[in-house]
Amino acid sequence: MDEARAREVLAAAGVLPGPAREARLLALGENAVFAAGDLAVKVGRDAELLARACRELAVAVWLEEAGVPAVRAADPAALIVDGHPVTVWRRLPEPVRPTEPRDVAALLRLVHELPLPSSFELPPRELLGGVERWLRLAGDVIDPADAAFLRERRDGFASAAAALTPHLPPGPIHGDALPRNVHVGPDGPVLIDLETFSADLREHDLVVMALSRDRYGLPAKAHDAFTATYGWDVREWDGCAVLRGARETASCAWVAQHAPSNPKALAEFERRVASLRDGDTTVRWYPF
């Protein structure tokens, strides 16, 4: 789904106060996110994401009731428009500063203290569940041998992750706890992008930042601030390498879906696959 298609769906949804062509595009990934007036709208890539969109709205209501700072839904129901899920949110104010890893850690502490919701069920973290769909979207633009390699890694790490003994008690997690999923407004940090909320190993949320340090150039000082704020360093846990490997596999496949329309995505995908094939954990990956 490119921006033009997303705007067509946005116009057909008729949920914004003004013309869809005037809405500001905030992000374009699995969802296109637009903003206009005091609303933000997410347009999902395909109908397969409808159930996840509905759950994200339920999570938003649950977090609001629990007092956890997070993005709030403007409409509790998801729409399906021309085969795309559409959800409407309260637009956040402009950020007052960039998000720091310690902001993420502070919010994770709140989330990890919550009991499971009683009004709906959180699924296990399907970290590797999107790999097949992302590879399918990549089509024949990527080398079939690379796709087969990632499928094999997916299966191996899925089995290894299922056998892990956690250090922390399992429970609600964000599922994609990156600084880009925290917004620092006038009232402080709030969680955004709630669609990967799950009930699983809390370590999933902490491995994200450890991988950012090792692969994406996060300074060691910033990671130290994250672990100090949270109160524990997941790298001390002997299961860390398994969850890291699973997340690397998923992150590599995620980039593949953009390869058909973006040569830079294809180049990044090939960089990541090569480093995984070589077992070189020092190769720098670049956010996409």
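The model is a predicted one: local features need pLDDT of at least 70, side-chain atom pairs count only at pLDDT 80 or more, and totals for chains, interfaces and linings use all residues. Residues are numbered from 1 along each chain as its sequence is written, and side-chain values use heavy atoms, with hydrogens and water left out.

**Helix α5**

- Helix α5 runs over residues 144-162, and its 19 residues reach 27 Å from first C-alpha to last, close to the 27 Å expected at 1.5 Å a residue. Helices (H or I, at least four residues) and strands (E, at least two) are DSSP runs, numbered from the N terminus, and the expected span is 1.5 Å times one less than the number of residues.
- On the buried side of α5 you'll find Asp146, Ala147, Phe149, Leu150, Arg153, Arg154 and Phe157. Looking down the axis of α5, these buried residues fall within an arc of 155 degrees, so they line one face of the helix. The arc is taken from the directions from the helix axis to the C-beta atoms.
- The cover over the buried residues of α5 includes α4 (131-138), α8 (240-256) and α9 (263-278).
- At the start of α5, a side-chain oxygen of Asp143 comes to within 2.9 Å of the backbone nitrogen of Ala145.

**Nonpolar cores**

- The largest nonpolar core has 67 residues, and the ones with the most contacts inside it are Leu63, Leu150, Leu191, Leu194 and Phe197. A core is a set of buried Ala, Val, Leu, Ile, Met, Phe, Trp, Tyr and Cys residues joined through side-chain atoms within 4.5 Å.
- Helix α8 gives the most to this core, with nine residues.
- Neighbours within four places in sequence aside, Leu150 is in contact (heavy atoms within 4.5 Å) with Leu135, Thr249, Cys252, Ala253, Phe269, Val273 and Leu276.
- There is also a second, separate core of 17 residues, which includes Leu10, Ala13, Ala20 and Phe34.

**Salt bridges**

- The count comes to 25 salt bridges, each being a side-chain nitrogen of Lys or Arg within 4 Å of a carboxyl oxygen of Asp or Glu.
- Glu3 and Arg7 pair up through their side chains (2.9 Å, N to O). Both sit in helix α1 (residues 3-13), four residues apart, about one turn of the helix. Glu3 is partly exposed at 33% relative accessibility, while Arg7 is buried at 18%.
- Glu48 and Arg133 make a salt bridge at 3.7 Å, N to O. Glu48 is in the loop between β3 (39-44) and α2 (50-66) and Arg133 is in helix α4, so the pair ties together parts 85 residues apart in sequence. Glu48 counts as exposed at 51%, whereas Arg133 is buried at 10%.
- Lys42, Arg52, Glu56, Asp193 and Glu195 are linked in a salt-bridge network.

**Positive phi**

- Most residues other than glycine have a negative phi.
- Asp193 has a positive phi, near 50 degrees. Asp193 lies in the loop between β8 (188-191) and β9 (198-200) and is partly exposed at 30% relative accessibility.
- Asp82 also has a positive phi, near 50 degrees, and is found in the loop between β4 (79-81) and β5 (84-90).

Terms used: Buried means under 20% relative accessible area, exposed over 50%, partly exposed in between (1.4 Å probe, protein chains only). A polar contact is a pair of N or O atoms within 3.5 Å; within protein, one must be able to donate a hydrogen and the other to accept it, and residues adjacent in sequence count only if both atoms are side-chain atoms.
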